Amino acid sequence: MELSFTQGRWNYESWGGFDPIPSSNAKPPGVELWAVFDAPQHLIDALWKNLTHTLSGLFCASINFLESSTAYSAPEWSFPPASGKLRYGTLPREAVCTENLTPWLKLLPCRDKAGISMLLDRPSIYRGFYHSQRLHLTSTGSGSEGMDPGIILEQTLTVVLQPDSQRASLAHASEKHIQPSWSLSSIFGKQICGRCVLAETSNVYFLLDRGLVAELEHIHKENEKSEENVLISEKFWNNPSFELSAKPDRIFIEESSLLSKNASVLYKFEIEKYGESEPFDLGLFWKTPVVWLCQQAPLHANRFLMGSGNERGAIAISLKSTQSSEGFMGSNSNDERCELRVDVFQVVPWYVKVYFHSLQVFVDQQPKAVSDIIEKIHVSPSKDKVSPGVMELVLTLPCSVSSAVLTIEFDKGFLHIDEYPPDANQGFDIPSAIVSFPDFHARMVFLENDSLNKSPEKSPVMSYTEVLLVPLTTPDFSMPYNVITITCTVFALYFGSLLNALRRRVAEEERFLKDKG
């Protein structure tokens with residue numbers, strides 16, 4: 001099972017899309033929940049409902065809305081780990097707040113009172129560009145890798161923060177300026193005062209990306225014309241490009257692969273050496289301007305709506321080359337037999353009635369036959385107020401492709417007045433589509449006799465598209481109020497006049513006036 005709460009959207013162009021962080025920890029906005037059940041097929045839906053209610057109570061969220069059959073789907077093979085007992089659901093509009101983070105922190109041994117979790121300062125986290133808290137549970141049997149039966153709990157918090165010095169530099173834009181320096185205390189407002197007493201190991205890792213390593217080596221060779229790698233030498237913390245405030249305990253170099261000629265460098269800091277008298281506050285201070293790009297996925301995915309009006313429209317998924325296909329495919333990228341496989345998984349609500357026969361494919365702005373590009377397709381049409389529509393595709397594109405576009409038309413349905421949310425005029429959300437590349441795996445293997453040298457599980461490179469906002473025809477919700485108001489006014493005037501006429505005694509009034517006169 002995996003549950004994630006995310007605020008913001010991962011910027012694949014600026015923050016990368018090929019390394020393990022975006023492939024494993026970058027999630028769609030809102031709530032995403034998937035689970036694989038070890039139970040008979042006829043019991044899975046009931047177990048799913050129990051799971052959603054349990055998680056909703058634990059994490060103080062609206063996950064119980066996923067219990068409805070219109071809110072979840074059962075992918076066949078396009079969403080890893082795909083199986084017949086998988087259930088998948090999302091809530092794109094779920095707001096993420098501290099009331100969701102607090103239950104997540106309670107699962108940690110020392111919560112946020114000691115160890116690395118002391119850095120989890122709420123204002124610092126929630127003012128960042130992006131944050132995603134992830135909970136992954138795996139049930140292990142007695143015969144799995146010699147482990148005792150139990151549950152493996154993995155918690156991950158992915159945050160993209162902005163150093164305070166960058167805000168000042170934005171006001172003085174120049175053609176060339178040094179990127180902002182930072183430290184843990186300047187970003188999170190806190191320092192690490194030792195490790196959690198219940199933790200066996202407590203480490204901080206500082207990773208230099210492949211592109212950054214290549215740029216730093218290039219700058220060093222130009223300045224000093226030396227072949228020595230300053231990033232792994234004895235004086236690496238005081239090199240011409242940057243300076244680290246703390247000396248790492250170990251240095252790891254990524255194992256070379258066919259995907260890239262450059263290798264990442266990983267610095268390891270052991271927290272058990274530090275305490276309240278000497279807190280750990282890692283800082284990076286730049287000396288020269290450095291510009292580099294994070295490694296991108298083979299194709300950059302975007303999704304948008306086409307058409308106008310409240311009757312019909314179309315969904316388009318755009319795939320653009322990141323100019324790195326040659327690096328991924330090597331010398332075979334220009335071969336006509338070289339193919340790039342792309343899996344697409346998309347769920348649409350039942351009130352967006354998709355016409356799957358209208359699917360069109362454009363490769364390099366030229367229309368192509370669907371059978372030439374789509375190798376495999378699985379479609380589950382939506383049922384009104386019962387289940388959403390599901391589309392799973394396997395695309396086979398040439399390695400030299402520069403762009404590809406998928407379009408599919410839909411009609412907008414009508415909802416009952418009781419089915420509209422309170423903010424119906426804002427629009428309705430279509431969850432993010434998932435674009436994965438099964439032939440590429442995001443993992444890093446480092447060369448040292450350490451636990452990091454163990455090859456992690458292969459996870460395919462994945463990207464989430466934008467959440468689409470579809471405006472539907474909405475009734476005038478003020479009309480019931482207007483009808484009630486005018487009806488009550490008419491009845492008040494009518495009954496007031498009627499009662500006045502019935503209760504008035506004309507003869508007695510005339511006699512009273514005559515006696516008074």
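Analyst: Let's start with Cys110 and Cys196, which form a disulfide with their sulfur atoms 1.8 Å apart; a disulfide here is a pair of cysteine sulfur atoms within 2.5 Å. This pair links distant parts of the chain, 86 residues apart: Cys110 is in the loop between H4 and H5, and Cys196 is in the loop between helix H7 (184-188) and strand E8 (203-208). Helices (H or I, at least four residues) and strands (E, at least two) are DSSP runs, numbered from the N terminus. The link is right-handed, with 70 degrees about the S-S bond. Both Cys110 and Cys196 are buried, meaning under 20% relative accessible area, where exposed is over 50% and partly exposed is in between (1.4 Å probe, protein chains only).

A quick note on the source: this is a predicted model, where local features need pLDDT of at least 70, side-chain atom pairs count only at pLDDT 80 or more, and totals for chains, interfaces and linings use all residues. Residues are numbered from 1 along each chain as its sequence is written, and side-chain values use heavy atoms, with hydrogens and water left out.

The count comes to two disulfides. In the other one, the sulfurs of Cys338 and Cys399 are 1.9 Å apart. Here Cys338 is in the loop between helix H9 (325-329) and strand E15 (339-348), while Cys399 is in the loop between strand E19 (389-398) and strand E20 (403-412), 61 residues away. This link is left-handed, at -80 degrees about the S-S bond, and Cys338 and Cys399 are buried. In sequence order, the bonded cysteines pair 1-2, 3-4.

Cys60 is in no disulfide, its nearest cysteine sulfur being that of Cys97, 9.3 Å away.
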